[in-house]
Amino acid sequence: MPLVAGIDSSTQSCKVVIRDADTGALVRHGRALHPEGTEIHPDHWWTALQEAVRDAGGLDDVAAVSVAGQQHGMVVLDSQGEVIRPALLWNDTRSAKAAEDLIRDAGGGDMQAGSRYWAETTGTVPVASLTLTKLQWLARNEPGNAARVAAVCLPHDWLSWRLAGFGPGSGEAGLAALATDRSDASGTGYFSTAAGRYVPELLQAALGHVPVLPKVLDPLAVGGKTAGGSLIAAGAGDNAAAALGVGAGVGDVVMSLGTSGTVFAVSKGTTADASGLVAGFADATGHFLPLACTLNATRIFDATAALLGVDLLGFNNLALAASAGAGGLTLVPYFDGERTPNLPDATGSLHGITRTNYTPENLARAAVEGVVCSLADGLRALQDQGVTAERIILVGGGAQSPAVQEAVARIIGLPTLVPEPGEYVADGAARQAAGILGGQFPEWELGSVTVPASAPAPEVLERYRSLAPVYTA
């Protein structure tokens, strides 16, 4: 019964799961918090990882380990392997102007032409979250630090490197040992997802030189060993690991309802969306992971529940008490602007109010349906890029709501699976770790619930789409 460890180093915390490599059964687990902020020294991640490993009972009996982590974070190292400055995380927006400039410069001043260039070259149009935009910000605002950059890596790369015994003082040999995987590399802005290689000229233009970049490992490659002899897998970005964790395959679309929403699919083909709505990432198995984000998900439920003076259970019960379509009420949930469609200055709106339908039940139902329709727009953005959608896998805190589950089944009209609550990212990393032991990804039995088929309600989405595009401010 070999054991494997999956690590999820997220924005908020580090989680470790120890699982049986053959069955996937959870043996033990641990957790430690990260400091808050959008600019964090990587040493905090290493400290939290060590604490979480101790909390999980250590790695002495673990045969293989894999690290999945928050994507895009900029970790810059000098020639000796020392961290030059705190890492800029995906949610640090100071590089928004750099992203705009990268698009404009690539198009010779034409933003549309620039967007096409980036979509065709890397698969993703630059936004502030991408590593490349942060490197351009560094070159412009901290030229002394930029000149010292000998290597650039991502949070999961750096932690895997530290687990392999490298760190400050490792020198050139240490930098040469840096490794990553396709999924995380595809979120940097200087990697071609379609070609599976770095595009060094993009780094040269943004940073001023081309530093050492982590070797891109195959999905089931071994990247090294820990001091205790555990094999280290290639690791993955968090969304790719989550797809592994819930057993998503080609044709599956994962809808994640957290504070914001994410819609991503395992696909055989690449995407190149010049509109910027779909990021053309790679997955952790050798396929691709086109992804779209929405800004408003469970926070809409929180706000509506507060307005109605109920807790989330009461909110769910109210929504279930109303009929599909909420009596004609339609909520456009752009409370904080929106990313899909790209309307950063939009606000929310409630349409179709009458004295008859203006009830707490219908308002709760309209909030649920508005969020589901917004996620359906994310799905449509993927489908517009040729992505096949055969099944929905519903995850995140909001996925446990029966009202949400029913609305997804009715509005989107695809078979819907809801996995048991769990640490999907860490579980995906553990599955990858088991894969390097057996030479293939294991078929672990996953606890899940299939949402019963309901009478379809496509008119809800049609009504929503007739209203949402015209409300932009």
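Cavities were counted at 30 Å³ or more, and the count comes to 3. A cavity is a set of points on a 1 Å grid, over the protein atoms alone, where a 1.4 Å probe fits but cannot get out. Grid points are joined across faces, edges and corners, and a volume is the space filled by probe spheres set on the points. The model is predicted: local features need pLDDT of at least 70, side-chain atom pairs count only at pLDDT 80 or more, and totals for chains, interfaces and linings use all residues. Residues are numbered from 1 along each chain as its sequence is written, and side-chain values use heavy atoms, with hydrogens and water left out.

The largest cavity has a volume of about 50 Å³. Its lining consists of Leu329, Thr330, Leu331, Ala366, Glu369, Gly370, Cys373, Val460, Arg463 and Tyr464. Lining residues have an atom within 4 Å of a point. Strand 20 (330–332), helix 13 (360–383) and helix 16 (458–467) each give two or more residues to this lining. Helices (H or I, at least four residues) and strands (E, at least two) are DSSP runs, numbered from the N terminus. Helix 13 provides the largest share, 4 residues. By class, the lining of the largest cavity has 6 nonpolar, 2 polar and 2 charged residues. Here Ala, Val, Leu, Ile, Met, Phe, Trp, Tyr, Cys and Pro count as nonpolar, Asp, Glu, Lys and Arg as charged, and the others, Gly among them, as polar.

Pockets are open sets with protein on both sides within 12 Å along at least five of seven lines. The second largest pocket holds about 580 Å³ of space. It is lined by 34 residues, of which Leu244, Gly245, Val246, Gly247 and Leu446 are the closest to its centre. Two or more lining residues come from each of strand 2 (13–20), strand 3 (26–33), helix 10 (238–245) and helix 15 (424–438). The largest share, 4 residues, belongs to helix 15. The lining of this pocket divides into 15 nonpolar, 11 polar and 8 charged residues.

Helix packing was examined next. Axes are lines fitted to C-alpha atoms, for helices over the stretch in contact, and angles run from 0 to 180 degrees between N-to-C directions. Helix 2 (residues 96–106) packs on helix 3 (residues 111–121) at about 95°, with axes 6 Å apart. The two helices are therefore roughly perpendicular. Angles under 35 degrees count as roughly parallel, over 145 as roughly antiparallel, 65 to 115 as roughly perpendicular and the rest as oblique. Glu100, Leu102, Ile103, Arg104 and Ala106 of helix 2 meet Met111, Gly114, Ser115, Tyr117 and Trp118 of helix 3. Contact means heavy atoms within 4.5 Å. These contact residues divide into 6 nonpolar, 2 polar and 2 charged.

Helix 11 (residues 298–308) and helix 12 (residues 312–321) pack at about 90°, with axes 9 Å apart. Helix 11 is thus roughly perpendicular to helix 12. Phe301, Asp302, Thr304, Ala305 and Leu308 in helix 11 contact Leu312, Phe315 and Leu318 in helix 12. This contact has 6 nonpolar, 1 polar and 1 charged residues.

The structure holds 20 salt bridges. Each is a side-chain nitrogen of Lys or Arg within 4 Å of a carboxyl oxygen of Asp or Glu. One of them joins Glu423 and Lys15 (3.7 Å, N to O). Glu423 lies in the loop between strand 23 (416–419) and helix 15, and Lys15 in strand 2, so the pair ties together parts 408 residues apart in sequence.

Backbone geometry has its exceptions. Most residues other than glycine have a negative phi, and most peptide bonds are trans. The Thr340 to Pro341 peptide bond is cis, with omega near 0°. Pro341 sits in the loop between strand 20 and strand 21 (349–351). His72 has a positive phi, near 80°. His72 lies in the loop between strand 5 (62–69) and strand 6 (75–77).
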